[in-house]
Amino acid sequence: MAQRAFNLPNMLTYARILAVPLVVLCFFLEGHLKSSDFARWLALAIFLLASITDYFDGYFARAWQQTSNIGKMLDPIADKLLVATCLLLLAADTDRHAGIAGWSLWAAIIILCREILVSGLREYLAALKVSVPVTQLAKWKTTIQMVAIAFLLAGPAGDKIFPLTTQTGLVLLWIAALVTLYTGYDYFRAGLKHIMDE
């Protein structure tokens, strides 16, 4: 059991969870919530490394037949922790007016609410021994979401190199939110017949 818990795919998942407090620390390098250019680039680097592990942990688990129950449990949790933390940080960082603010908060709220609702649905259906597979569109949603967050983490630091960095991130965030609404509806439609049967 210990061997399965500490195989490479699971170690990559643990690293992704560890990346969450590291990203938070980047925004508190000066002792309070403030995102300097250095902090933004450092947070982006950590986020990108963590996002890459999301692909490789699944790839290695399948290729080396090292899937495990702990990996299946922690992998989606790690993703949600990383996304939720970054969205909350970007919404809280109003110092340079380059985070998620105003109407864009709704996009973040939609994404967070969907993640919580779908997680609850999955947990309920798991108790009924019903599996809800991840759709291809949901995978695209995750990709768009990650790219949006990457642009927003770069934010004002990225704007100095590519002036539309923040705006691109916000547009992608809204696209991710719209796809999130559809995929969330799709999951609930798939699970509704099992709920109604009860």
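Predicted model: local features only at pLDDT ≥ 70, side-chain atom pairs only at ≥ 80, totals over all residues.
Let me start with helix α3. Helix α3 covers residues 37-63, which is 27 residues. From the first C-alpha to the last, α3 reaches 39 Å, close to the 39 Å expected at 1.5 Å a residue. After α3 comes Gln 65, with a positive phi near 50°.

Now the salt bridges. Side chains of opposite charge can pair when their charged atoms come close. How many salt bridges does the model have? The count comes to eight. I will go through three of them.

The pair I take to begin with is Arg 16 with Asp 54, where the closest N and O atoms are 3.4 Å apart.

Next, Asp 93 and Arg 40 meet in a salt bridge, at 2.7 Å from N to O. Asp 93 is in the loop between α4 (69-92) and α5 (104-127), while Arg 40 is in helix α3, so the pair links parts 53 residues apart in sequence. Asp 93 is buried, at a relative accessible area of 2%. Arg 40 is buried as well, at 0%.

The last pair is Arg 114 with Glu 115, with closest N and O atoms 3.4 Å apart. Arg 114 and Glu 115 are both buried.

One more point, on shared partners.

Note on methods: Residues numbered from 1 in each chain as written. Heavy atoms only, no water. Helix = DSSP H or I, 4+ residues; strand = E, 2+ residues; numbered from the N terminus. Expected span 1.5 Å × (residues − 1). Salt bridge = Lys/Arg side-chain N within 4 Å of Asp/Glu carboxyl O. Buried < 20%, exposed > 50% of the residue type's maximum accessible area, 1.4 Å probe, protein only.
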